[in-house]
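Trainee: Could you show me how to read the way helices and strands are arranged in a model?

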Amino acid sequence: MTLPTAPVTDRPFLVQLEEFSGPLDLLLHLIREQEIEITDIPIGQIADQFLAAIHALKLNDAAEYLEMAAYLLRIKILMLLPRPADSEEWEDPRAELVRRLLEYEQIREVVDWMVRQAGDRADRFPRGLVPEAPELPPPPVVVSLEELLKAAERLVELLPARVVHRVVPRPLDTEGAARRIREALREREQVELGELLGERPSITDVISLLIALLELARVGAVGLGQADAFGPILITRASTDQAA
Amino acid sequence: MRALTKLLEAALFAAARPVTLDELLGLDPGATEEEVRAALGELQGTYDAGGHGVEVVELAEGFQILTRRECAEAIAQAQLVARPRRLSVAAMETLALIAYRQPVGRGEIEEVRGVAVDGVLRLLQERGLVDVVARGEGLGRPLLYGTTPAFLELLGLRDLKELPRLEDLSVALKPLAEEPAAE
């Protein structure tokens, strides 16, 4: 099926980007806009305009609109077929469409009435009308255990073959970290933990540094302190370490 | 004002929803239906004649005290209360179909509207405007939907008989239905 890029009509015609409640709504809109008699629809023209409209409105992926488009094209083709000589037997291929359109139009008339009624009713407040609650989150899904198990089974089936966890050796470099701490303390009496970690430390960097730090503190090479809760951790040169 | 009228006024004020005649009868075991109706009439008359801001309205198979239309704009402007959220055209179309064809299944609604209606149906059910009233006969025993008293309240109707009759609409299906008869 090829979608025409422009409606085949000499009259300029424009579809406002508004919300249509369905393909019949759009179809009725096209028909009313051009003041076409529902019982005598120029089906070729309307089919082309319908296609152009769903294209323009980006309704292309809405199955219902496509279904209607296909239906219109089918009627268009049927209309082109030569009619039997005995015209009494010829049944207008548009009859079903006309019936559906009239039925829908009737509903729309009721809707118009309902909107007016609801509007009038909304102008008369009951006592203590509670402002409507904002959109509620969808209610919790109720599933039976069986359904849940079935769903789980389906998911398990989707899983790729079992992946055996591979351990990547990432050796801790506590010695290197200890060296860096000592170097930093050689220059200054006190450094903050953060300074030793650099810009983007990896998890192994952090662990290496912490182990080195705890080890150095254990042997009395450095002192650890924190001025206040959650403050920076301060590493101070221990007096006994000066010789090292 | 009679004692019964006073009682009715208090009950309608307190309930803040349409109260049925049966419920009103429960207020005073000694009162007959006729007396309650007369008292309701008296209350209505008092509000109407006295130039009150509220009136007694018969809707949703009951009676309710509502503010008068002419006061709506000022009340809404002052943001004292909000008007209820309006329903989309899609929701109204579905509601209209259910109102006229109840009990009706999803399939029939979708046939007329030409679109899937699961989402809209759920919304209408959540707002309490429609409910499952029966199960159909055919394949899979489809759920059949009908309107609730909240639907009547939404439109301010006393009962479903107040819906416009299809044959009174400007778009009538009669010409088509008559066609086979003309042959």
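Predicted model: local features only at pLDDT ≥ 70, side-chain atom pairs only at ≥ 80, totals over all residues.

Trainee: At what angle do helix α2 and helix α3 of chain A pack, and how far apart are their axes?

Mentor: Helix α2 (residues 43–56) of chain A and helix α3 (residues 63–80) of chain A pack at about 160°, and their axes are 9 Å apart. Angles over 145 degrees count as roughly antiparallel, and therefore α2(A) and α3(A) are roughly antiparallel to each other.

Trainee: Which residues in α2(A) and α3(A) meet?

Mentor: On the side of α2(A) they include I43(A), F50(A) and I54(A), while those in α3(A) include Y65(A), L72(A) and M79(A). Sorted by class, this contact has 13 nonpolar residues, one polar and one charged.

Trainee: How many helices and strands does chain A have?

Mentor: Chain A comes to eight helices and three strands, and from the N terminus its elements run α-α-α-α-α-α-β-α-α-β-β.

Trainee: How do strands pair in a sheet, and in which order do the three strands of the open sheet in chain B stand?

Mentor: In general, the strands of a sheet pair through backbone hydrogen bonds, either parallel or antiparallel. In chain B the order is β3-β5-β4, with antiparallel pairing. Strands β3 (104–105) and β4 (130–135) of chain B stand at the edges with a single partner strand each, so one side of each has no neighbour in the sheet. Between β4(B) and β5(B) (residues 143–147) the antiparallel pairing runs over five bridges, and D131(B) stands opposite G146(B) in β5(B).

How values were computed. Residues numbered from 1 in each chain as written. Chains lettered and ligands numbered in written order. Axes fitted to C-alpha atoms, helices over the stretch in contact; angles between N-to-C directions. Helix = DSSP H or I, 4+ residues; strand = E, 2+ residues; numbered from the N terminus. Parallel < 35°, antiparallel > 145°, perpendicular 65-115°, else oblique. Contact = placed C-beta atoms within 7 Å. Nonpolar A, V, L, I, M, F, W, Y, C, P; charged D, E, K, R; others polar. Pairing = 2+ DSSP bridges.
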